[in-house]
Amino acid sequence: MEEYRFREARSDDLASLVEMLADDELGQIRESPGTPLKVGYIRAFEAIQNDPNNELLVCESDGQLLGMLHITFIPYLTYIGSWRALMEGVRVASSKRGDGIGAKLFEWAIQRAKEKGCLIVQLTSDKKRPDAIRFYEKLGFKATHEGMKLWLN
């Protein structure tokens with residue numbers, strides 16, 4: 001049985017993480033893996049690493065990255081000044097999807113949210129990802145709100 005290790009991402013993981021983001025139908029359209037990495041990825045990674053309310057978590061086995069999840073801890077005035085954890089950028093390597101890595105990654109990330117005192121864990125998923133939505137529902141997430149986005153470019 002394969003042994004998984006969960007940790008925060010390091011700068012030497014960045015190229016592999018961008019490749020993982022690009023390795024699906026939607027990611028192929030919006031991501032740009034390759035060498036050299038686009039400076040936007042480097043700047044975003046540095047900002048995440050330098051912000052105590054952001055963590056980029058990875059799952060690895062035998063030195064190979066298998067999954068990733070970006071978690072942002074957000075203070076709110078609602079719910080008596082509670083904190084929330086926002087999960088974004090969730091990916092599992094295409095060769096490992098269906099192996100339970102995503103569930104283990106969420107289990108670890110939800111534990112991090114509890115440790116930080118969060119009351120709610122929330123996420124968004126593109127409506128073009130029905131498999132991902134079913135996965136989140138199996139984990140106990142409920143579609144209680146309608147999400148909206150406004151593109152600024």
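**Reading a predicted model**

Analyst: We begin with His145, which is exposed, because its relative accessible area is 70% and the cut-off for exposed is over 50%. The model is a predicted one.

User: Where is His145 placed, and how far is its C-alpha atom from that of Thr124?

Analyst: His145 belongs to the segment that follows helix H6 (130-138). Between the C-alpha atoms of His145 and Thr124 there are 10.0 Å, with 21 residues of separation along the chain.

User: Which residues are in contact with Ser82, leaving aside its neighbours within four places in sequence?

Analyst: With those neighbours set aside, Ser82 makes contact with Ile74, Pro75, Tyr76 and Leu119.

User: Is Ile48 buried or exposed, and in which helix does Ile48 lie?

Analyst: Ile48 is a residue of helix H3. Its relative accessible area is 16%, and therefore Ile48 is buried. As for Leu69, 21 residues from Ile48 along the chain, the two C-alpha atoms are separated by 12 Å.

User: Let us turn to the backbone. Which values of phi and which form of the peptide bond occur in most cases?

Analyst: In general, phi is negative for most residues other than glycine, and most peptide bonds are trans. In this structure, the peptide bond from Thr35 to Pro36 is cis, with omega near -5 degrees. Pro36 is located in the loop between helix H2 (27-30) and helix H3 (39-50).

User: What is the phi of Asp62, and where does Asp62 lie?

Analyst: Asp62 is not a glycine, yet its phi is positive, at about 50 degrees. The residue is in the loop between strand S2 (54-61) and strand S3 (64-75). Asp62 counts as exposed because its relative accessibility is 82%.

User: What is the phi of Tyr79, and in which helix does Tyr79 lie?

Analyst: Tyr79, a residue other than glycine, has a positive phi near 55 degrees. Tyr79 lies in helix H4. Its relative accessibility is 55%, so Tyr79 counts as exposed.

User: How many helices and strands does the protein have, and what pattern do they follow along the sequence?

Analyst: There are 6 helices and 5 strands. Their order along the sequence is β-α-α-α-β-β-α-β-α-β-α.

User: How does one judge the overall dimensions, and what is the radius of gyration of the protein?

Analyst: One compares the radius of gyration with the value for a compact globule of 153 residues, which would be near 15 Å; the protein has 16 Å, which agrees. The C-alpha trace spans about 45 × 45 × 30 Å along its principal axes.

User: What share of the residues is buried, and what share of the accessible surface belongs to carbon and sulfur atoms?

Analyst: Of the 153 residues, 35% count as buried. The accessible surface is about 10,200 Å², and 53% of that area belongs to carbon and sulfur atoms. Turning to contacts between residues at least 6 apart in sequence, 58% join residues at least 24 apart.

User: How far apart are the mean positions of the positive and negative charges?

Analyst: The protein has 21 positive and 23 negative charges, and their mean positions are 4 Å apart.

User: Finally, which residues does UniProt list for a domain?

Analyst: An unreviewed UniProt entry lists residues 4-153 as "domain: N-acetyltransferase". In the model, that span is 35% helix and 27% strand, and its end C-alpha atoms lie 39 Å apart.

Key. Residues are numbered from 1 along each chain as its sequence is written. This is a predicted model: local features need pLDDT of at least 70, side-chain atom pairs count only at pLDDT 80 or more; totals for chains, interfaces and linings use all residues. Side-chain values use heavy atoms; hydrogens and water are left out. Helices (H or I, at least four residues) and strands (E, at least two) are DSSP runs, numbered from the N terminus. The radius of gyration is taken over C-alpha atoms; the globule rule is 2.2 Å times the number of residues to the power 0.38. Buried means under 20% relative accessible area, exposed over 50%, partly exposed in between (1.4 Å probe, protein chains only). Contact means heavy atoms within 4.5 Å. Accessible areas come from the Shrake-Rupley method with a 1.4 Å probe; for residues, only the protein chains shown count as cover. Lys and Arg count as positive and Asp and Glu as negative; His and the chain ends are not counted. The place of a charge is taken as NZ of Lys, CZ of Arg, CG of Asp or CD of Glu. UniProt positions are given in the numbering used here, feature names are shortened, and annotations may be inferred rather than shown by experiment.
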